[in-house]
Amino acid sequence: METMRDIRNRMKSVHQSLQVTSAMKLISTAKLRKARRRLDETLPYFEAVRGAIREIEVYAGGNGEKWFDRRERKEDRRVATLVITADKGLAGGYNHSLIRFAEEHCPRGSILLLLGAVGKRYFIEKDYRLMEDFAVSTKEPTFYEASEIAAFAASQFISGGIDDFRVIFTRMHSTVKLEPEMITLLPLDVETISAPGRRSLEDTVYSYEPDEESLFDVLVPHYLKGIVYGALVQAFASEQAARMTAMDSASKNADDMLDRLQLVYNRARQAAITSEVSEIVAGAAALED
Amino acid sequence: MAEFHCEILTPHRRLYAGNAEAVIFVTHDGELEILDQHEPCVMPVRIGLLRLRADGRTRKAAVTEGFARVKKGRLDIFVDAAEWDEEIDVPRARSALERASARLSSETLRWRLDASAQAAARARNRLAIAASVVRAETPAQSVAEASPQP
């Protein structure tokens, strides 16, 4: 049986953990609020750019343009994936489920571009080729950083350094529903973008100014920038949401544990008193004899 | 005048969403005015002045690069950044211009030079448009002054 002091010590340590988790919860709640505001500002752009590109592409028809080039005959395809994890842990299943998702979708030996310290630590020992370390912290992503990544991907794609460019991030459907998602950005693909279930495309035939090729040279970098930035903002908001939920349940667990320990402590105290009383009684009885 | 729906979107905000009678902006070969019933088309948007006429009033905005899409009864403009003329942060634009000019004289890498030239063009555009607000009472001059930098 644990002594009263053991129990008191445990209660103290649980109480300290509780203080940490509830502080972290408060912090991530505040950060989440901020991140959500940014997400709300970005989302219209993110969705509209995707929609616009989807429509524009369908009518471009992908007739051998360099951005549409699927390079099907090429052996040893170089698939590059941008994987966005958090810089820190203690966010419940956030990093874990994203890493698992990434492992499912990226074949061994493919190229990874990693953002976030957790992903870097994990994948650095795995069987992947890592390319270009962007010194970008995944907290408070800026549009400038997104442009840098997008420009890198675009130039690598054009020069043949990579043949596919995809991005894996966590999409925040709601505070409690976070799901890893993959978007294929390059090559532009008419089929994946106009996947079934999407609203049917209106019958608009666009004319391209000044001409198809130079327009796409302007369009694609903007599209990449927009999507990468959107993904970064989504990932950051998801991370905060995941951390908030995780810390909330950790605080609840700590509370429950404290309650249970209090009971055990009371019982131990009573037992101690009872045994003391019985010792006194026994002592007194011995004297009387 | 016939109206159409216009949206100006940036990654940071939705600058405008509503009806417009005419929108004028800078594209690859100079200024372009979009009116209702324009043919569906897609074109690049360059750094410059954007003018939007709605309810008989013309508003001006500084925009950076992006693209625009016209379809039936609708114009969408996607740019990296956009501000209305009265919102332009002049001290910030001025210091951006200084930084960019300094880089232009010290950098040697081609792509960094390009980036600095772009940054300088953005800052100059903002300053020119902001300056035209201050002297808003001379509209003819302000338009000329705010015309895009080459």
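Which residues does A:Gln234 touch, not counting residues up to four places away in sequence? They are A:Leu39, A:Leu43, A:Phe46, A:Phe169, A:Thr170, A:Arg171 and A:Met172, where touching, or contact, means heavy atoms within 4.5 Å. A:Gln234 sits in helix α6 of chain A. With a relative accessibility of 2%, A:Gln234 counts as buried; buried means under 20% relative accessible area, exposed over 50%, and partly exposed in between, using a 1.4 Å probe and protein chains only.

Before we go further, here is how to read the model. This is a predicted model, in which local features need pLDDT of at least 70 and side-chain atom pairs count only at pLDDT 80 or more, while totals for chains, interfaces and linings use all residues. Residues are numbered from 1 along each chain as its sequence is written, chains are lettered from A and ligands numbered from 1 in the order in which they are written, and side-chain values use heavy atoms, with hydrogens and water left out.

Now let us step back and look at chain A as a whole. Its secondary structure comes to six helices and six strands; helices (H or I, at least four residues) and strands (E, at least two) are DSSP runs, numbered from the N terminus. Along the sequence, the elements of chain A follow the pattern α-β-α-β-α-β-α-β-β-α-β-α. Chain A has 289 residues, and 44% of them are buried. If you take the contacts in chain A between residues at least 6 apart in sequence, 75% join residues at least 24 apart. Chain A exposes about 15,000 Å², with carbon and sulfur atoms supplying 53% of it; accessible areas come from the Shrake-Rupley method with a 1.4 Å probe, and for residues only the protein chains shown count as cover.

Next, find the sheet. Five strands of chain A form an open sheet in the order β3-β2-β1-β4-β5, with mixed pairing; two strands pair if DSSP finds at least two bridges between them. At the edges stand β3 (129-130) and β5 of chain A, each with a single partner strand, so one side of each is left without a neighbour in the sheet. Further in, β1(A) and β4(A) run parallel and are joined by five bridges. You can trace one bridge yourself: A:Ala80 is partnered by A:Phe165 in β4(A).

Helices lie against this sheet. Helix α4 (residues 143-159) of chain A packs on the sheet and touches β1, β2 (111-115), β4 and β5 of chain A, its direction making about 45° with that of β5(A). The helix of our opening residue, α6(A), lies across β1, β2, β4 and β5 of chain A and runs at about 35° to β4(A). These angles run from 0 to 180 degrees between N-to-C directions, and the axes are lines fitted to C-alpha atoms, for helices over the stretch in contact.

What about charges? Side chains of opposite charge can pair when their charged atoms come close. The whole structure has 16 salt bridges over all chains, a salt bridge being a side-chain nitrogen of Lys or Arg within 4 Å of a carboxyl oxygen of Asp or Glu. One of them pairs A:Asp248 with A:Lys25, whose closest N and O atoms are 3.0 Å apart. This pair links distant parts of the chain, 223 residues apart: A:Asp248 is in helix α6 (residues 212-288) and A:Lys25 in helix α1 (residues 4-60) of chain A. A:Asp248 is partly exposed at 24% relative accessible area, and A:Lys25 is partly exposed at 26%.

A:Glu181 lies in strand β5 (residues 178-186) and A:Arg171 in strand β4 (residues 164-172) of chain A, so the pair ties together parts that are ten residues apart in sequence. A:Arg171, with a relative accessible area of 12%, is buried.

Another salt bridge brings in chain B: A:Lys225 and B:Asp80 have their closest N and O atoms 2.7 Å apart. A:Lys225 lies in helix α6 of chain A and B:Asp80 in the loop between β9 (74-79) and β10 (82-84) of chain B, so the pair joins two chains. Both A:Lys225 and B:Asp80 are buried.

Finally, visit two loops. A:Leu90, in the loop between β1 (79-84) and α2 (94-105) of chain A, has a positive phi near 55° although it is not glycine. B:Gln37, in the loop between β4 (30-35) and β5 (41-45) of chain B, also has a positive phi, about 70°.
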